[in-house]
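Please read it with the structure open beside you.

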Amino acid sequence: MPHRLIAILLLAVNLSFSQLSVSNDNYVFVSDQYIFVEDDVNLEDSNSRIFLRDEGQLIQGSGTTSNSGLGELSVYQDGNVGAHEYNYWCSPIGSKDDTSTNNPFGISLLNDIIGLTSSIPATYNTSTSYNGTSNPLNIEPYWIWKYPSANGLSGWVHVRSNTIINPGEGFTMKGTTGSNNMQNYDFRGKPNNGTISVNVENEQITLVGNPYPSAIDAVAYIHDNNNSSVIDGSLYFWEQDLSANSHRLDEYSGGYASYTISSDGLVETYVPATFSTYDNQGNINGEGNGSPSGKRPRRYIPIGQGFMVAGTASGTVQAKNIHRVFEKESSSNSEFFKSSNSKLTTIPESNFSVVPEDYKRFRLNIDFNGLYTRQLMETFHYSATEGFDYGIECPIKSEFILSTDAYLKSERHIYIAEALPFSEDLTIPVVIKVANKSMINISLLDIQNFSNSPIYLYDNEENTYTELTRHPFHINLEPGLYTNRFEIRFNKNTLSSLIISETRNLIITQNNRSATLKILNPNNFEIKSIEIFDVLGKRVLRKSKIQSRSEYRISTNSLNDGIYITNVILSNNQSINKKIIVTNNY
């Protein structure tokens with residue numbers, strides 16, 4: 001391939017160059033393929049052009065020279081909402097100048113498509129109805145906002161028609177009337193290139209996105225060493241119900257879907273948005289008509305896609321050229337996160353990704369009064385830990401929790417997607433938050449690699465098991481926060497997570513100097529019996545008919561030196577085990 005290109009007409013073929021220069025009124029036309037440039041692109045003159053059409057893409061490599069020139073790259077991307085709903089965007093281009101920098105973006109760089117290579121600037125005049133129009137294309141600037149690191153509704157920054165959206169920052173834009181929820185935009189400007197950094201802060205949310213005229217790989221982006229040190233590894237995608245045709249905040253119906261992926265790319269974790277309405281202060285009412293669209297984020301993030309990230313430290317989250325790939329939206333692995341209309345040429349049979357055979361997975365659907373559903377996911381693997389597992393788990397931020405909602409809770413985190421090492425004795429607390437008296441329905445779906453193993457919903461208050469693999473669980477709940485009442489179990493003899501927490505204070509120790517087994521019981525559990533077994537499983541001691549008290553002492557003088565298992569059986573037949581070592585040669 002030539003080292004440097006002055007002008008070329010490129011049709012349906014992939015080409016690679018060290019550098020690319022286009023001068024005068026020449027152009028490069030890329031259709032359904034990609035062009036790879038190792039270093040920089042120089043669109044030298046104001047009439048120099050690169051046209052990306054039919055999912056054509058520009059990918060750049062490890063060169064250190066930034067793009068320059070007065071010309072422009074043109075790439076089409078379609079939004080897929082009406083005049084009352086938002087898409088979250090991130091521009092692949094910035095304003096034009098002859099410097100070697102990535103420049104800010106504004107809606108003045110969006111164009112109304114006239115022909116294959118021709119377009120005219122969109123207008124952006126404020127209308128009395130706050131609605132944009134499709135023909136001619138008029139963008140309503142009131143709905144252009146960005147969200148630098150912040151928490152809460154006050155964090156939104158009003159952009160309007162100003163060119164102040166920095167490279168890599170995401171922005172919101174509502175659709176248009178007359179487009180049938182399918183507005184196509186022509187992004188024209190200097191193509192972004194190189195490492196693009198956006199500030200993030202600990203415990204705050206930031207709207208970012210894919211800043212390039214090509215797809216990016218979520219595996220490379222999420223597991224980039226820089227990014228894994230400053231974000232929680234989940235990408236949060238906004239989805240909005242197209243039937244709620246109102247600009248009033250208290251009539252919106254929308255929410256955030258969560259997505260992450262393992263470092264080997266084999267395990268995708270996706271939980272759809274929960275729909276609900278919002279009051280005029282941006283608080284969630286907990287009422288809505290929820291209508292999942294069937295769309296979902298995928299591994300390859302397409303041109304123009306914006307998403308939220310959650311900071312775990314102060315620093316910058318970075319998009320890099322090494323994250324860029326050629327992946328078309330018409331494949332099954334890339335999809336602009338919008339409504340169910342899709343460029344996919346074939347629709348997958350299931351919207352749930354399949355985990356490898358050594359993983360287990362299921363999802364809980366928790367329905368509130370038939371108005372909306374919170375979906376929770378559990379993934380099991382021997383490599384998972386009790387702590388946070390980056391790239392497999394999706395925490396839920398407090399900003400995204402509804403007033404009536406559900407989530408999974410560990411000692412240090414709350415999740416909508418959790419990963420654990422599997423055990424039949426495992427208990428998984430399900431926290432349910434109820435603002436008003438509600439009918440709660442809990443059911444299972446997407447059960448993978450469990451064979452015929454039962455999955456139970458246990459009610460600690462009623463001491464009842466519901467085998468969710470056979471039928472759903474139903475209950476009316478009064479207002480409150482139910483943190484310890486409901487659990488997922490896999491065995492009816494499993495110790496309650498509430499009791500597990502409390503029985504951490506039940507201490508079993510062996511004092512060999514006094515040949516005494518001591519059991520401290522500060523919570524005064526009712527103990528049915530105390531047993532000791534040798535390593536062969538033979539019971540060598542049993543005490544029953546035990547009165548409830550805070551401390552027990554049992555002589556082990558009669559036992560031979562060795563390892564034993566102490567088994568304390570509670571009044572509900574649940575047991576607590578502890579290994580002891582007996583040595584009488586003191």
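The points below cover the sheets, the cores, the cysteines and the aromatic pairs.

1. Ground rules. This is a predicted model, in which local features need pLDDT of at least 70, side-chain atom pairs count only at pLDDT 80 or more, and totals for chains, interfaces and linings use all residues. Residues are numbered from 1 along each chain as its sequence is written, and side-chain values use heavy atoms, with hydrogens and water left out.

2. An antiparallel sheet. β42, β43 and β46 form an open sheet of three strands in that order, with antiparallel pairing. Strands here are DSSP runs of E, at least two residues long, and helices are runs of H or I, at least four; both are numbered from the N terminus. Two strands pair if DSSP finds at least two bridges between them. β42 (507-511) and β46 (551-555) are the edges; each has a single partner strand, so one side of each lacks a neighbour in the sheet. From one strand to the next, the twist averages 15 degrees. Axes for such angles are lines fitted to C-alpha atoms, for helices over the stretch in contact, and angles run from 0 to 180 degrees between N-to-C directions. β42 pairs with β43 (residues 516-520) over five bridges. Across that pairing, Ile 508 stands opposite Ile 519 in β43.

3. A parallel sheet. Three strands in the order β2-β5-β8 make an open sheet with parallel pairing. β2 (15-17) and β8 (57-60) are the edge strands, each pairing on one side only. Here the twist averages 20 degrees from one strand to the next. β5 (residues 34-37) and β8 share four bridges. Phe 36 faces Ile 59 of β8.

4. The nonpolar cores. The largest has 56 residues, and Ile 432 and Ile 488 touch the most other members. A core is a set of buried Ala, Val, Leu, Ile, Met, Phe, Trp, Tyr and Cys residues joined through side-chain atoms within 4.5 Å. Buried means under 20% relative accessible area, exposed over 50%, partly exposed in between (1.4 Å probe, protein chains only). Strand β36 (residues 427-434) gives the most to this core, with five residues. A second, separate core of 32 residues includes Val 22, Val 41, Leu 43 and Phe 171.

5. Around Ile 488. Which residues does Ile 488 contact, leaving aside neighbours within four places in sequence? Among them are Phe 362, Leu 364, Val 430, Tyr 456 and Leu 468. Contact means heavy atoms within 4.5 Å.

6. Cysteines. The search of the whole structure finds zero disulfides, a disulfide being a pair of cysteine sulfur atoms within 2.5 Å. Cys 90 is buried at 0% relative accessible area. Cys 394 is also buried, at 0%.

7. Aromatic pairs. The count is 35. Rings of Phe, Tyr and Trp (its six-membered ring) pair if their centres lie within 6.5 Å; planes under 30 degrees apart are stacked, over 60 edge-to-face, and the rest tilted. Phe 380 and Phe 490 are edge-to-face, 5.7 Å centre to centre with 85 degrees between the planes. The pair links distant parts of the chain, 110 residues apart: Phe 380 is in strand β32 (residues 372-380), and Phe 490 is in the loop between β41 (480-489) and α3 (497-502). Phe 380 is buried at 2% relative accessible area, and Phe 490 is buried at 6%.
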